[in-house]
Amino acid sequence: MTEPPDGSPTVPRPRHALDDELDLARWRGRATDPDADRSRAEDVAPEAVARLRARSRALLGQLLRPHRRRLGLAVTLLLAQNAAAMSGPYLVMLGIDRAITPLRAGDPGPLVAVAAAFATASVTEYAARRCFLTLAARIGQAVLLDLRQRVYGHFLRLDVGFHERYTSGRMVARLTSDLDSIAELVDGGIDNLVVAALSVLSVAGILLWLDLPLAAATLLAFPFLFWLSRWFARASAGAYRRTREAVALVIVHFVESLRGIRAVQAYRREPRNQRIFAAVNDDYRQASLRAFRLIAVYSPGIKVIGNLTVAVVLGYGGWRVLGGRTEVGVLAAFLLYLRRFFEPMQELSQFYNSLQSATAALEKLAGVLDERPAVAEPERPTSLPAGPGRGAVAFRSVSFGYRPDAPILSELELTVPAGQTVALIGPTGAGKSTIAKLLARFHDPAAGAVTLDGVDLRNLADAELRRAVVLVTQENHLFSGSVAENIRFGRPGADDAAVEAAARAIGAHDFIAALPDGYATEVHRRGGRLSAGQRQLVAFARAFLADPRVLILDEATSSLDVPTERLVQRALGSIMRDRTALVIAHRLSTVEIADRVLVLDGGRIVEDGPPAELAAAGGRYATLHSQWRDSLI
Amino acid sequence: MPAQSDGDPAARDGAGRHPLRNLWRLRPYLRPYAVEFAWLLVAALAATAASLAVPLVVQRVVDGPVAGHDAAGLFRLGLLALLLGLAEAVLIFIRRWTQSSSSVGMEAAIRADIYAHLQRLPAGFHDRWQSGQLLSRITSDLSVIRRFLSFGLLFLILNLVTYLAVVVLLVRLHPALGLLVAASAVPLFLISRRFARHYHAASRRMQDQQGDVATLVEETAQGLRTMRAYGRGPELAARFTGGARALHDTGIAKARLLARTSALLDLVPNLTLGVVLVAGTAAAARGALSIGELVAFVSLQLMLIWPVQSLGWIIANGQEAATAADRIQEVLDTRPTIVDAPHARTLDRAQVRGRVRFEGVSFHYPGCAPVLREVDLTVEPGETLALVGATGCGKSTLLSLVPRLHDVTGGRITLDGHDLRDLRLASLRRLVGVAFEEPTLFSMSVWENLTLGRPAAGEEEVRAALALAQAEFAYDLPWGLATRAGEQGLSLSGGQRQRLALARAVLGRPALLVLDDPLSALDVHTEALVEAALRRVLRDTTALLVVHRPSTVALADRVALLDNGRIVAVGTHSELLATVPAYRAVLSAGPVERHDGAGLVRS
């Protein structure tokens, strides 16, 4: 459901009154994409919820499949443990009913047998429990590892457009908080869950065998248990889904505001941030509270049913003993078994709770995994034609817009022969960066095709495309690690000499050598903080090392001082000679090194030619050029 | 001083301290719920008492009505068991209901306090701490503590009480066997203590690794475009797998410890039960114990199995909570170094003339070589001073000292003669408008992004600021100023983001403008328009600009050349151009050997 972005009076307008309630609901603003807060698979409609549940179940199946054999072993161990544990009360019964009389008669045989059986059972239980717990943890941790890798890998595959609307904080929430709640179940729940389920079944079986009428009375509790559990499952699924969403908002706000802490402090944003945090935090608190209150009803509910059953069994069983229809020992065993039955049931309710929380989390992850990358790798990739000096780029009637109603490019035609350096200039919003992003395949065109050496980018394997095309932007992210590692990001196999050569070529060697640990300086560690210009230099060295066929520079030198920029340009001049380059720059000094200049406006090419010609032709470029010349002194 | 107290994630103290000390220090958060906690403890104990009474009723049933064929007595006792059972359930309900609000309340309170504290900590702290480590503290660590305060702690108390009560009952039923059961506490204690020690270290390792993974994830999210531009997905995935595998291994190590201990904790009561069974049967055979007593004894003893079995889980939970508390206190114990001095005063916008002086200012990041050395510089009221210098010479650092994002490590900065450290932070920062080299936008509405520091700004003020920064495009966004701007600026271009950041800086006419390369991402045409508008603002505002281009230098009345942390020349642009070769080299031309003084446009 997309509402028309027409600025009608229903659009909430920012207000300056500090009307907290309203204000806090409004601070986030309206997303341009209605699906901004979730993956597309998540929807409030009941069918979508059901579909997602099915997906997450299928996901769980996929995750468990490789561990089928180990799971089988685990179940066997569990059965052994359970059988051993269950034999306890039965042995007590045997002891009371069968051993006392012979012992009175001086025969210790039955008692010795019972004692031996008891010892065997205890040791079996010990061994089986220990092995089972270890094995269960192995399976659980392997599943977690697999799930972590899948979700992370999928996030990497998803297109830039997805990440722009989903926000990094939410991605962090999925990969930390949601996985934590699944880990919590793996750590401390699954065995109790299975043990409890097994207890229920085996106790029911033993009871039936011991005394049928008494067991029938006991089994009357089952429908109530079932009904109560179904209610809880339904109610808590919704409640936990809400907690997952609420905690994601807490994380988004936390991560973003601390990342921008300089702006926060410089603008005294702290009090308002605190209020917003209090609001999302409280929202999370209430969501959790709702979930916990459900279990505060469920758990004593189970207790009521259990205790009622005990009272009924006591009365009815006692009555049957009175009538001589059953033994005292049977009644005792019955009551003991009931304890074994409802005691884990109690804990089960607790773990059922983590199960519900984990299920909600798994649904969120399934939603992410279900998201198809808008920019997908081809099924059968085409290779680029071999041979040196390639890199011909063509845009064939390319249309594109970030939103369907606001096209940026329409029917763009552009051919760049291999080896040419093209400068793109034009006002903000003209579509320069869009062309760069389409060529780097951050997005796919809505219509038309972008080709490299005659191959549609959509048919190229990602690895091959990235080897051939590199985009350097003004946001130069440095990953934690050393300066050398960050440069080597351009070509992972490169040796130290190649890294240093790249840095030297770009003029970054001097400042890197002056860092506390030179190339080994950690970029995010104390003292390693680089200025924007230095980061740009590192990014350039990285691109230089990558040595692509096509190099795209989007405002990549904006933070450099003039001499450094010159140095970079000279280096670029030499590396660009034998490769295709697309340069977006606001400073015409950069443009001057181009073979060809394209002036863009409103998504169209309005001027096209060598810089000198355009400067002389008296068009827009000529105007800009003279303006810029005037600005220099 | 700041180097030590700024909190270094690498340096952890606490060696030799009691492992539960930091958990104990969180008790103020429990205080608002003290009454509730007392009530729920009472309810929990009463519930335990009710559940303990049931086997005693069973004993009466077996020894009384069953033995004596008394049907009426049987149903009386049956009714008693029923009432006890219902009472237990109601008490459990009360306990859980009360507990749910107090535990999530505590969790939220601690989280809000950590956030508040983190906002007070200076930029230097945030430079050093990985944000994922902070994040895992307010999510995973807090929920561990919540679980401990709401379940672990309670069950620890309950189980101890249950254990003692059961043992007392057992001793009364049969002193010798009762004491035998009591003696089983000794191996249990030894097992638990050993487990606690080992688990402590594993739990801390796990939490730190969780933080590392969170950091990796966050970094990936931020560097996503770079990753994509180079197609380095596989490398990042391998790196992530390393982190995830470390978690996996620690998880298994923890589980092994827990498996061994919890199996042992199962074995001890079972063996005790076996001994009791044999001895009890023998006693019953001798007639020293009634059969009813034996049944009651055994069923009471079975009540010990769960408390003992859960001991492993409770200890694990307690250790995790203890290490989580350590991690949280590491953050809360870091004192904010940039705070209001006790005598700090407020300056009114109207009182401020705007004379800024750097007096012998030095600055170095902790443990590093100095960035600024003995900088002396004066910006007169209303004057615009441009800072020029080679990449990485300390210009941005110098600017960050003005709103006190960092504090000088030597000398002082004054505003109208007041040392900045004598002003209230809020007052100082209200007077200073800042735009950073990287425009930081948050994923909230454009309006909210603009009025970051001035929530009370009116529509007219915002409109004026947007006009000045040539950022009226904001009105054309799909929902106008109510449109959510993404953290990385949605699909806004670098220039658009920079203009929004500039609008934010000039909004509300600050007394002092600090702009770090504010026009770097603008195209020539827009730059000219912004420059013209900025010039009007700068006429009566004191301003400190970092610039890289000759065109922007034109905005400044004077220029200071920064080289290697020192001011080497101050003067007007043309003076410096004429007299200082280094200035000419930095601002205007290519490599010196090719320099011919005028040719700026060359390939």
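User: Which residues of α11(A) meet α3(B)?

Analyst: In this predicted model, α3(B) contributes B:Val54, B:Val58, B:Val61, B:Pro65 and B:Val66 to the meeting of the two helices. Facing them from α11(A) are A:Val310, A:Leu314, A:Gly318, A:Val321 and A:Leu322.

User: By class, how many residues in the contact of α11(A) with α3(B) are nonpolar, polar and charged?

Analyst: Gly counts as polar, whereas Val, Leu and Pro count as nonpolar. The contact of α11(A) with α3(B) includes A:Gly318. By class, the residues there are nine nonpolar, one polar and no charged.

User: Is the crossing of α11(A) and α3(B) left-handed or right-handed?

Analyst: The crossing of α11(A) and α3(B) is right-handed.

User: Which element gives the largest share of the side of chain A that touches chain B?

Analyst: The contact takes 166 residues from chain B and 165 residues from chain A. On the chain A side, 82 residues are nonpolar, 48 polar and 35 charged. The largest share of that side, 29 residues, comes from α11(A).

User: How far apart do the C-alpha centres of domain 1 and domain 2 of chain B lie?

Analyst: The domain assignment of chain B gives domain 1 as 7-332 and domain 2 as 349-594. The C-alpha centres of these domains are separated by 55 Å.

Notes. Residues numbered from 1 in each chain as written. Chains lettered and ligands numbered in written order. Predicted model: local features only at pLDDT ≥ 70, side-chain atom pairs only at ≥ 80, totals over all residues. Left-handed = near helix turned anticlockwise from the far one by under 90°. Helix = DSSP H or I, 4+ residues; strand = E, 2+ residues; numbered from the N terminus. Contact = placed C-beta atoms within 7 Å. Domains from an automatic or database assignment.
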